[in-house]
Amino acid sequence: MEQVLTGTKQGSIKQLLASTEYDREVTVRGWVRHRRGSKGVFFIHLNDGSTIQNIQVVVNEENTNENVLNQISVGACLQVNGNLVASQGAGQSSEVQATEVTILGPADSEKYPIQPKKHSMEFLRERAHLRMRTNTFSAIFRIRHAAAYAIHKYYNDRGFYYLHTPIITGSDAEGAGEMFQVTTLPIGNPPLDNQGEIDFKQDFFGQATNLSVSGQLQGELGAMGLGLIYTFGPTFRAENSNTTRHLAEFWMVEPEMAFYEQEDNHNLAEDFLKYLIRYVLEHCKDDLKFLDERFTKENNGKPANERSDMGLIEKLEFVVANDFARISYTEAINILLNSKPHKKKKFKFPVEWGIDMQSEHERYLVEKHFKKPVIVYDYPREIKAFYMKQNEGEEEGRETVRAMDILVPGIGEIIGGSQREDNLDRLMQRMTEVGIPHNELDWYLDIRRFGSAPHSGFGLGFERFILFVTGMANIRDVIPFPRTPGNAKF
């Protein structure tokens with residue numbers, strides 16, 4: 001049961017709807033979602049964000065100021081004093097018989113854009129400052145909160161320490177170069193060095209710096225002193241991609257574990273993902289029920305070959321109840337090569353050993369072949385990051401690293417990780433091969449010089465997880481204010 005804040009008399013609408021203490025005076029505040037009325041009696045549906053359910057307020061025209069009545073429109077914010085009674089209407093347990101209505105904030109009914117009707121996702125994205133007042137988005141962001149809390153609870157209960165890693169960094173953890181630069185130098189006339197290049201020694205940090213794409217490298221430092229750590233914070237990627245799966249600013253959960261090897265990493269990642277789903281199923285029932293109904297309507301409108309075989313809640317319960325399939329990358333490629341879509345040339349992208357599997361390949365493995373989540377491990381060395389531990393004794397041209405991806409229905413990759421390379425010589429050799437100067441990451445190499453140990457970690461894209469558990473189709477709809485190419489509004 002939610003607690004009322006100390007020093008206040010106000011409870012939430014969620015609390016009032018759950019209460020059976022009727023015939024008592026209450027105060028309720030919220031925004032008007034709907035208004036209807038006849039014969040001098042008005043029925044107002046109020047919502048304060050605490051639940052997807054509205055509370056019905058019954059307003060009698062005889063004891064309410066006409067000016068107040070005229071301002072009770074969709075979008076307006078009200079304070080209502082009245083009597084909590086058992087509702088006579090279907091679908092609701094309680095309602096408030098109003099004795100006093102105060103307009104806290106009127107809304108121009110002709111200009112207020114969020115009306116009680118179906119709006120397109122694009123329409124609501126353009127009005128992201130108001131979209132949290134809709135059922136869909138209030139449900140999504142309550143689930144987002146619950147999942148964020150569950151992440152901290154999961155790791156805290158298992159002896160992990162929450163580590164705050166830098167948002168501003170001089171290193172490129174992924175080696176991809178798609179980073180946002182941070183500088184105080186004058187853009188139009190930056191200082192130059194003797195070679196005519198920008199002289200970053202005169203910049204604020206005395207070197208070139210960027211917004212972080214990952215807290216992993218610093219997380220490894222923490223794990224090699226604290227044992228078990230996790231980071232959970234914003235990350236940034238300057239990838240000019242306008243797909244339904246990409247954001248320029250997103251949140252990552254990245255645990256790093258000393259003494260964990262490949263299988264330990266797989267076990268933790270599967271357990272973690274199932275825990276989060278279970279937590280959402282248990283604590284967000286009303287919101288999931290609403291989103292499940294929405295998912296079913298959207299699913300029925302798709303072509304037959306694109307429809308999901310399961311409802312949203314059914315899918316989540318299925319994931320929790322079943323062990324994930326675990327296959328090597330080589331096994332995955334062989335499955336794809338022998339698949340009907342490959343043989344009939346239905347795949348858009350080619351299949352051969354050494355490719356970076358595309359979403360269509362990942363989803364085939366999950367949705368068609370295994371019909372459950374899949375952990376794919378031992379990827380080709382050449383398509384993975386420099387810090388991943390290299391497997392030994394493999395044939396030339398098929399060198400692999402102890403990488404792993406977890407693939408889920410509808411999304412494809414949701415978790416990516418690896419056992420980290422703990423051998424100093426091998427790590428330095430790999431850095432040389434991919435062109436990373438040793439001196440730039442000398443601090444990272446030190447944890448291999450001084451007391452090196454096996455260690456592993458992975459990253460969960462938080463928005464991708466929320467996309468999965470809410471059944472939404474576009475990642476821009478599961479973060480309050482999306483940052484994408486050409487868009488930094490709000």
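# Briefing: pocket, sheets and helix contacts

Helix α7 gives the second largest pocket the largest share of its lining, seven residues. This is a predicted model, in which local features need pLDDT of at least 70, side-chain atom pairs count only at pLDDT 80 or more, and totals for chains, interfaces and linings use all residues. Residues are numbered from 1 along each chain as its sequence is written, and side-chain values use heavy atoms, with hydrogens and water left out. Helices (H or I, at least four residues) and strands (E, at least two) are DSSP runs, numbered from the N terminus.

**Second largest pocket**

- The second largest pocket has a volume of about 780 Å³. A pocket is an open set of points on a 1 Å grid over the protein atoms alone, where a 1.4 Å probe fits, with protein on both sides within 12 Å along at least five of seven lines. Grid points are joined across faces, edges and corners, and the volume is the space filled by probe spheres set on the points.
- The lining of this pocket counts 29 residues (an atom within 4 Å of a point), and Lys-117, Thr-134, Asn-135, Thr-136 and Phe-290 are the closest to the pocket centre.
- At least two lining residues each come from β1 (24–38), α3 (121–125), α4 (135–157) and α7 (285–300).
- By class, the lining has ten nonpolar, nine polar and ten charged residues. Nonpolar covers Ala, Val, Leu, Ile, Met, Phe, Trp, Tyr, Cys and Pro; charged covers Asp, Glu, Lys and Arg; the others, Gly among them, are polar.

**Sheets**

- Five strands form a closed barrel, β1-β2-β3-β5-β4, with mixed pairing. Two strands pair if DSSP finds at least two bridges between them.
- Val-58 has Gln-97 in β5 as its bridge partner.
- An open sheet of three strands has the order β7-β9-β8 and antiparallel pairing. Its edge strands, β7 (168–169) and β8 (181–182), each pair on one side only.
- Two bridges link β8 to β9 (residues 209–211) in the antiparallel sense, and Val-182 stands opposite Thr-209 in β9.

**Helix contacts**

- Axes here are lines fitted to C-alpha atoms, for helices over the stretch in contact, and angles run from 0 to 180 degrees between N-to-C directions. Angles under 35 degrees count as roughly parallel, over 145 as roughly antiparallel, 65 to 115 as roughly perpendicular and the rest as oblique. Contact means heavy atoms within 4.5 Å.
- The axes of α8 (residues 312–321) and α14 (residues 462–470) come within 8 Å and cross at roughly 120°, which means that α8 is oblique to α14. Leu-312, Lys-315, Leu-316 and Val-319 of α8 meet Phe-468, Val-469 and Thr-470 of α14. These residues are five nonpolar, one polar and one charged.
- The axes of α9 (residues 329–337) and α11 (residues 359–370) come within 11 Å, crossing at roughly 75°, so the two helices are roughly perpendicular. Ala-332, Ile-335 and Leu-336 of α9 touch His-361, Tyr-364, Leu-365, His-369 and Phe-370 of α11. Six of these residues are nonpolar, two are polar and none is charged.
- For α12 (residues 424–434) and α13 (residues 442–449), the axes come within 9 Å and cross at roughly 155°; the helices are therefore roughly antiparallel. The contact joins Leu-424, Leu-427, Met-428 and Met-431 of α12 to Tyr-444, Leu-445, Arg-448 and Arg-449 of α13. It has six nonpolar, no polar and two charged residues.
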